[in-house]
Amino acid sequence: MSKRFEQKDWQESMRLKLDFNNMMTSYVGENGISEAEIADLQAQIEKAEKAMVEKRANGGMDWRDLPYNQADIVKDINAYVESVKDEFDTFVVLGIGGSALGPIAVQQAINHPYYNELSKEKRGGYPKLYVMDNIDPEKLVSLFDIIELDKTLFNVITKSGSTSETMSQFMIIKEMLEEKLGKEESKKHVVCTTDAKNGNLRPIADKEGYKSFIIPAGVGGRFSELTPVGLLPAAMCGIDIEELLAGAAYMDELCKNDNTFKNPASMYAILNYLAMKRGKNISVIMPYADTLKYIGDWYAQLWAESLGKKFDNDKNVVNVGQTPVRALGATDQHSQVQLYSEGPKDKVIVFVGVDKYKTTLDIPKIYGDIPSLGFLGGETHNKLIKTEQMATEYALLKSGQTNMTITLPEVNEFTLGQILYLFEVATGFAGELLDINAFDQPGVEEGKNATYAMFGRPGYDEKKAELDNRPAKNDKYII
Ligand SMILES: O=P(O)(O)OC[C@H]1O[C@H](O)[C@H](O)[C@@H](O)[C@@H]1O
């Protein structure tokens, strides 16, 4: 159990705060969502709550139990990290989607912004961390200009083992390692995170004798950050994974509140559901902290891939979902807020603020008072970014663009575990309200099958024929 988990007062002081005032009628007038609208949903809310409890009890939401059932895995991961960290300068994740976005987001949130540029001593003795989550040939090749293969540990993360990007990266790395280090020595440079028994990577890991960790069968990729998918990369760069799980467990408790208006995940899901009903099909996530920038990318997959669905559970064509847009405050006040303020009122803006930054940066008072500047000097950047966040919230409220604010008291493993878990539960709940399956992704299959057919893979002849007979492109429209 986490070293601080028992300290109730500490938990409360680190509790995420969610402010929905800017979405509710009481504050914004006709643009807001009224309590009456929420009350009218009561039957749907109760049905959704019941479904969440039943699915969890029947093993349909194993990700809900991850904060509680991994003590042994945490021990294994921490022991493995301790046993290898001195030997390796670099840890490279090969993965994509849910097998990469979480590790990127958590490392960015907790570690020094220039962690990889620090000396190993200043990194606490842990290796640098890179996540290679694409197959741009230039990117992967250029990595070898800055790492030493013989001092690098590669973590191949793929639940299915049928993800072309990850498996092709693995084959490239495997051949390079064996050429440089020989077959036996190279085995120490690969650790696999995959399914216990299914998929293509499990038999390879077992046959090759690679160290491996298991992704629980009942946990889908975008819900897997609190499994070894996220826990190993986090621990490998010195992040306290017990605290991450403790924060998730704490948020689980908060999400059991049967008072809808006091249940963070229910309210997040309900308000976005009602917003979607009003055609607000864009979900902008705008953290006012660089540490939380890639939480936006992780959230984008979770929210888009879970809720973007053609059919409802009765096979009616519904084509639902909200398009996630990643923004960063204060940066995107200078690129996107013009659209948010004066463009279509088709968005829900989710500000993610931080009460206390790790450092305080004073702005020196040099030029007296420059009238056209919003600050006078003698203030701090902490106050400036916070003030700009509040001002932007107000400006968008006034423009009629619905928004809400989630605030982390500070960014640490406990608060990060809370926000990851909050969005996961909210996503599951929103799926129940939309009456869709939030846990599959049939829409990605067409592209995959077309890829295999274009490569002439056996078993895809029908798809190949379909492709060969598709309407030819008209040169007139190719410039
Ligand atoms: O972990 P893997 O099996 O390689 O899957 C990686 C990704 O592949 C697909 O794109 C799925 O739609 C994602 O949900 C998943 O995260």
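Modeller: On a 1 Å grid over the protein atoms alone, a cavity is a set of points where a 1.4 Å probe fits but cannot get out, and lining residues have an atom within 4 Å of a point. This is a predicted model, where local features need pLDDT of at least 70 and side-chain atom pairs count only at pLDDT 80 or more, while totals for chains, interfaces and linings use all residues. Residues are numbered from 1 along each chain as its sequence is written, and side-chain values use heavy atoms, with hydrogens and water left out.

Colleague: Which residues line the largest cavity?

Modeller: By class, the lining has two nonpolar, five polar and no charged residues (Ala, Val, Leu, Ile, Met, Phe, Trp, Tyr, Cys and Pro count as nonpolar, Asp, Glu, Lys and Arg as charged, and the others, Gly among them, as polar). By name, they are Asn22, Val28, Asn31, Leu397, Gly400, Gln401 and Thr402.

Colleague: How is the shell around the ligand divided by class?

Modeller: Among the 13 residues around the ligand (a heavy atom within 4 Å), Ser99, Thr158, Ser160, Thr163 and Glu305 come nearest. The shell splits into two nonpolar, eight polar and three charged.

Colleague: Which residue has a side-chain N or O atom 2.5 Å from a ligand oxygen?

Modeller: Polar contacts here are pairs of N or O atoms within 3.5 Å. Gly98 uses a polar backbone atom, 2.8 Å from a ligand oxygen, and Gln301 has a polar side-chain atom at 3.3 Å from one. The side chain at 2.5 Å belongs to Thr163.

Terms used
A polar contact is a pair of N or O atoms within 3.5 Å; within protein, one must be able to donate a hydrogen and the other to accept it, and residues adjacent in sequence count only if both atoms are side-chain atoms. On a 1 Å grid over the protein atoms alone, a cavity is a set of points where a 1.4 Å probe fits but cannot get out, and a pocket is an open set with protein on both sides within 12 Å along at least five of seven lines; lining residues have an atom within 4 Å of a point.
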